[in-house]
Amino acid sequence: MKPSREQQLWMYEQMLVSRYFEESIEKIYMEGKSPAFNMANGPIPGEMHLSNGQEPCAVGVCAHLDADDVVTSTHRPHHVAIAKGVDLDRMTAEIFGKKTGLSGGRGGHMHIFDADVNFSCSGIIAQGMGPAVGAALSRQLQRKGGVAVAFLGEGAANQGAFHESLNLAAVWKLPVVFVIEDNAWGISVAKSASTAIERNDQRAAAYGMPGHFIPGNDPLAIFEVAGEAIARARRGEGPTLIEIETYRLAGHFMGDAEGYRPEGEKDALFAKDPIPKFRNHLKASIGWTDADDAELVARAHGLVDGAIAFARDSAYPEPEEALEKVFV
Amino acid sequence: MSNAITMVEAVNLALGRAMSQDEKVVLLGEDIGTNGGVFRATVDLKAKFGNKRVLDTPLAETMIAGLAVGMAAQGLKAVAEIQFMGFIFPTMEHIVGHAARLRNRTRGRLSCPLVLRAPYGGGIHAPEHHSESTEALFAHIPGLRVVIPSSPARAYGLLLAAIDCPDPVLFLEPKRIYRASKQPVEDNGVPLPLDTCFTLREGDDITLISWGAMISETLQAADRLADEGVSCEVIDVATLNPLDLDTMLASVTKTGRCVIVHEAPKSGAVGAEIAASLSERGLLELRAPIARVAGYDTVMPYYRLENHYMPNSADVIDAVRQTLEFA
Ligand SMILES: Cc1ncc(C[n+]2csc(CCOP(=O)(O)OP(=O)(O)O)c2C)c(N)n1
Ligand SMILES: [Mg+2]
């Protein structure tokens, strides 16, 4: 399954939006946090996990989903949320802790929930997986159609929840796809220090489902493999496990000194940045011009700048709002 | 003379001290080795003691707690870090289901000495799991000690005591005051007693009871009230399970009034347990109802709302005034 011209341009545009979004958040996050870095300061306090470099995973998978399909994401959710069609204005406002945010500014960047497009997050590692399996079960039992996709990091694949979820999804042939974004690191712990096998797709065999490994952080390859896995789930043939080799171009979270990275690793990753690579591919394959590119980049930036202006201009929630909606 | 250090440095100092004194002490947790912990509590310990004493585990909290139980059963003393208290719930499987009851279950033949450390509480304006105070869930468990320091020196002494202790200990570190102030801490290896409150300030008019990061708000309130001529006794509970009710009761017997201050939501929290116990044992000594200044019964809200959520010294002063005016 090869992506059409429109699908490729959609993926590319989502990647541009996502990258510029992260770059913008990165700048704003640092406001008020220098010279002394204090996480509690600035217009966006708390932890901030950016997804720069991991955009291909989001777009290659979400290209096959519509608003009705379910996605559970992680503590590093922005790229996936954008590709899933989460309302960018309200997501940005949520990150800023504003009243107009998706959760009224109470949840922040790790708790992006948009029921309109069936998108949710778990800041607790691997714990988006059980709910994805449950969502798939719900669709299966109610014969409602649709699939669920659980995103996770390679570090999460050593949580019990990962193994429990894979097992049950396979036993009950649920319409769910598990997507591991393997960025080689769980904070400071290298994959090789936490996982005895090189590739997590090998684990699929143990649970009785197909497993695929996609090297090279390549959106086109991801599109193909994810397309088949999602189609298989839609046909009622059960789950698939996909591991994608991807690159974390930022620190684990903002303020991470990244002392654990071997020398030169970051430079090597930047040399493989998927966005210029995709641009070159488009130029070579569909006659994409610099003028086309400038136009799309401007559109992507406009969207993000608009969302940030919306967030900045929005009011903070009233203190009393924190007390609402605990019970019905 | 000893250097003035922060609470997180005092934790590091105590860990290093315990590891040099007893080779059975082994640290484990996520990102604690090479990276020195996300809050830097274990910084340099891997370099000093090697990768057999400081273990970077995979990301798997149930297993971390299970390892600690098994290590205890076979003669090691695990001091495990849970990166944030919000990620601690999977450990309850082992801590509540096994560690806390092993002594009782085996009629004292076995015990389960281990320490689970976790940063907890508000103060970095992070959402939910990264800011909550769920100590009451654990203080409810018979056999599990719950200890919370409120200063660098108490962090040092109490952590040494926790590591020495033959019972399982949950050691909660208030991240808001990890770096809030410095205090000289002598690295003398002397533990502080578990199971006793610390009376930080003596007074006659009212007893203020608190723990963790709320101690500094409480002490500030006591300072300001002193200017108005109100003499506050301030007690740092420090060990939330088992509770040192004798110290608290003696104080309340003297003052006749009591305000309890904590940042956890009010309902079903440790403040409720203290108030109920003091009332049971000291009702006739009380001249006003025991007041509680606490967090709200809601999910810890993000960012701007955190300041509204967290009790502060002004809230404490209000509660003290109301208690004094009662009769
Ligand atoms: C249960 C749990 N434990 C610990 C954490 C703290 N934490 C946040 S992200 C992270 C590493 C996750 O690694 P991985 O799954 O590979 O995802 P990545 O950050 O690389 O995207 C850790 C340990 C958490 N959020 N939840
Ligand atoms: Mg990772």
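**View 1. Ligand 1 lies between chains A and B.** This is a predicted model, in which local features need pLDDT of at least 70 and side-chain atom pairs count only at pLDDT 80 or more, while totals for chains, interfaces and linings use all residues. Residues are numbered from 1 along each chain as its sequence is written, and chains are lettered from A and ligands numbered from 1 in the order in which they are written. Around ligand 1 there are 19 residues, and Ile125(A), Gly153(A), Gly155(A), Gly186(A) and Phe87(B) come nearest. A residue is near a molecule if its C-beta atom, placed from the backbone, lies within 6 Å of it. This shell divides into 7 nonpolar, 8 polar and 4 charged residues. Here Ala, Val, Leu, Ile, Met, Phe, Trp, Tyr, Cys and Pro count as nonpolar, Asp, Glu, Lys and Arg as charged, and the others, Gly among them, as polar.

**View 2. Domain 1 and domain 2 of chain B touch each other.** Domain 1 covers 4-184 and domain 2 covers 198-325, with bounds that come from an automatic or database domain assignment. Their C-alpha centres lie 26 Å apart. In this view, 25 residues of domain 1 are in contact with 23 residues of domain 2; contact asks for C-beta atoms, placed from the backbone, within 7 Å. On the domain 1 side, helix H6 (135-139), strand E6 (145-147) and helix H7 (152-164) of chain B each supply at least two residues. Helices (H or I, at least four residues) and strands (E, at least two) are DSSP runs, numbered from the N terminus.

**View 3. The largest nonpolar core has 196 residues.** Such a core is a set of buried Ala, Val, Leu, Ile, Met, Phe, Trp, Tyr and Cys residues joined through C-beta atoms within 7 Å. A residue is buried if 20 or more other C-beta atoms lie within 10 Å of its own, exposed if 12 or fewer, and partly exposed in between, with C-beta atoms placed from the backbone. Val149(A) and Val259(B) are among the residues with the most contacts inside this core. Helix H1 (residues 7-21) of chain B gives the most to this core, with 9 residues. Look for Val259(B) touching residues that include Ile206(B), Leu208(B) and Val293(B).

**View 4. Helix H12 (residues 290-313) of chain A has 24 residues.** Among its buried residues are Ala300(A), Val304(A) and Ile308(A). The buried residues of H12(A) pack against helix H1 (5-30) and helix H4 (88-95) of chain A.

How values were computed:
Contact = placed C-beta atoms within 7 Å. Expected span 1.5 Å × (residues − 1). Lists of a residue's contacts leave out its neighbours within four places in sequence.
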